[in-house]
Amino acid sequence: MNYLSVENISKSFGERILFQNISFGINAGQKIGFVAKNGTGKTSMLNMLSGLDNPDTGNIVYRKGLKVAFLSQEPNLDPKQTIEETIFLADNPILKVIENYEKAIENPNDSEAYQNAFDQMDAHNAWDFETRYKQILSKLKLDDLSQKVANLSGGQKKRLALANALLTQPDLLVMDEPTNHLDLEMIEWLEALFAKENFTLFMVTHDRYFLERVCNEIVELDEGNLYSYKGNYSYYLEKREARIETQTTETGKAKQLYKKELEWMRRQPKARTTKSKSRIDDFQDIKNKAHQRRNDHEVQLELNMERLGSKVVELHKISKSFGDKDLFNKFEYNFIQGERIGIIGKNGTGKSTFLNILTGNMKPDGGKVVIGDTVKFGYYTQKGINIKEGQKVIDVIREFGDYIPLKKGKQISAAQLLERFLFDRKRQYDFVEKLSGGERKRLYLCTVLIKNPNFLILDEPTNDLDIVTLNVLESFLMDFPGCLLVVSHDRYFMDKIVDHLFVFRGDGEVEDFPGNYSDFRTYEDSTPKEKALEEAKPKNDWKANNDKVKLSYNEQKEYSKIEKEIAKLEKERETLQNKFATENWDGDEIDKQSIKLQKIIDKINTKTERYFELMEKLES
């Protein structure tokens, strides 16, 4: 079933053309990963597909009644609402179905309206909406439903927006970097959800394992042209390489033909035949093909780093806690030259704290960190570059000098260094605040590396980088001769550049695992574990018990809780009654506690009456 058709669309910003005359379609069941360099129109494409923007030319034609949900990089949520209010006040058609059902119950004589509302509840699987939204929020570590949006971190807001998008059960889900701010456990849960449920997806993500496991098609925008690959990320890499090889061969042939035609052009007399005019017209096409250049770069930088001595970094029984929460307890490790270690673990288990203690930005509660005399840290943090108003890209590098020393007495200018980090001469004079998120990250990485560190620490370096830049970064890091310590949820990135892992398990446990992420995942999957208990379905399955249930949605919620509330009150009554026999209260205190006891008894009676009232309604 065709969901939408993109017909010859074009988009520009000022004089900059992002793409021209692009066409493709999205069908039911497709899970498409959209791949392109930063700054080539990925976000514009997502905005247009989700109806937030329009192409300059061309059309996007949607199937009638198509439901589209969009997960943006920076969700627009009401800061005054709580997490639960954000869910219930969202523009979710399922909530409208539930509201119509409740209205139908209020008019029991209109059996046709009731039956229609009941059928809609069935069609939208609305009966278990409460269970579903609580499960999703729990998986995304949003457990305090009363917390205000204003008090959430940026990552929590992104996860709340993801929950909302999933709960709308759209025909088409458009997502911009869905795995940002998710830990590995959350990412794997999301992968399993997309594998199990029939979502149609169109997404941009730098998480290549996510593309590998979720997508059945990769669409690439490269040098203004669109290429489609009917397979996962591995298939895309294989076929893309073959395509580029073919293009390179064709360019080589075009260059040879160009030389031949250029000689012919120079020999031509002023008077030309019709045949020669046709050949002259073709010459321009040959020239364009011969001068085609791929804009693929590699960061090449011979660092003038000081050689590491025999003592690098020693951790002697370091411990750190916040309140009652242990992050790590008496952890010991001695780093050696050339180590490449990845750090993984759930959010909040102490990964960033560990890096801050290692670099001296935070003190451990116990133990000590011993740093070798030759160690020079380069610390790439999640905070990124400090943007100064009115500062240009090249000014950021010139703060370190107009020329930067390299190996063997060589040096490089600030402009040349920026070119190696994929900033062309024109881009170097742009204001830093105008750079995209990925470009700022790349510039920040440049400022870290030009200090010539021999112990490089990277905290989530892959966030906001496009796949092309990631490949460039990986190539550089694989040749980095010093020590490397990386925190990242990008499993593909970790597999390529680290040799073993520190696994932060929580509750103070840190495990040294001898292998990369894929090795660890294989080990974990092969280790016998207690099967997780399936989340129990509501005991009172109000749809299954009676096809003509007459409880409203809110009444069902009340009915499912009221037994527990009565039991809790009866326990309070029993505890208080026992105190009358054991406590040595004076007359005033006895009166006070008697009033309290009577209030509890009144609540029990009221709730018991309500319980029987709901039960009678349920059974009628």
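Mentor: The largest cavity is lined by 13 residues, and those nearest its centre are Phe 421, Arg 442, Leu 445, Thr 469 and Leu 473. Residues are numbered from 1 along each chain as its sequence is written. The model is predicted, so local features need pLDDT of at least 70 and side-chain atom pairs count only at pLDDT 80 or more, while totals for chains, interfaces and linings use all residues; side-chain values use heavy atoms, with hydrogens and water left out.

Trainee: How many cavities does the count come to?

Mentor: Rolling a probe the size of a water molecule over the atoms shows where empty space is left. Here a cavity is a set of points, on a 1 Å grid over the protein atoms alone, where a 1.4 Å probe fits but cannot get out; lining residues have an atom within 4 Å of a point. Grid points are joined across faces, edges and corners, and a volume is the space filled by probe spheres set on the points. The count comes to three cavities of 30 Å³ or more, and the largest holds about 110 Å³ of space.

Trainee: Which helix supplies the largest share of the lining of the largest cavity?

Mentor: Helices (H or I, at least four residues) and strands (E, at least two) are DSSP runs, numbered from the N terminus. Helix 15 gives the largest share of this lining, four residues. Helix 14 and helix 15 each supply at least two lining residues.

Trainee: Why is helix 14 described as largely enclosed by the rest of the structure?

Mentor: A residue is buried under 20% relative accessible area, exposed over 50% and partly exposed in between (1.4 Å probe, protein chains only). Eleven of the 13 residues of helix 14 are buried, so the helix is largely enclosed by the rest of the structure. Among the buried residues are Arg 442, Leu 445 and Thr 447. What covers them includes strand 14 (377-380), helix 12 (393-398), helix 13 (414-420), strand 17 (455-459) and helix 15 (467-478).

Trainee: With what is Thr 447 in contact, leaving aside its neighbours within four places in sequence?

Mentor: Contact means heavy atoms within 4.5 Å. Leaving those neighbours aside, Thr 447 is in contact with Val 396, Ile 397 and Phe 400. Thr 447 counts as buried at 9% relative accessibility.

Trainee: Let us turn to the strands. What order do the strands have in the open sheet of six?

Mentor: Strands of a sheet pair through backbone hydrogen bonds, either parallel or antiparallel. Two strands are taken to pair if DSSP finds at least two bridges between them. The order in this open sheet is 14-17-18-12-19-20, with mixed pairing. Its edge strands are strand 14 and strand 20 (509-513), each pairing on one side only.

Trainee: In which sense do strand 14 and strand 17 pair?

Mentor: They pair in the parallel sense over four bridges; Tyr 379 has Ile 457 of strand 17 as its bridge partner. Strand 17 also pairs with strand 18 (residues 483-487), in the parallel sense over five bridges, and there Asp 459 has Val 487 as its partner.

Trainee: Are the faces of strand 17 covered or uncovered?

Mentor: In a regular strand the side chains alternate between the two faces of the sheet. Both faces of strand 17 are covered: Phe 455, Ile 457 and Asp 459 are buried on one side, and Leu 456 and Leu 458 on the other.

Trainee: What order does the open sheet of three strands have?

Mentor: Its order is 2-1-4, with antiparallel pairing. Strand 2 (16-27) and strand 4 (57-62) are the edge strands, each pairing on one side only. Strand 1 (residues 2-13) and strand 4 pair over five bridges, and Ser 5 has Val 61 of strand 4 as its bridge partner.

Trainee: Finally, where is the place of Asp 183?

Mentor: Asp 183 is in the loop between strand 6 (172-176) and helix 7 (184-196). Asp 183 is buried, with a relative accessible area of 3%.

Methods. On a 1 Å grid over the protein atoms alone, a cavity is a set of points where a 1.4 Å probe fits but cannot get out, and a pocket is an open set with protein on both sides within 12 Å along at least five of seven lines; lining residues have an atom within 4 Å of a point.
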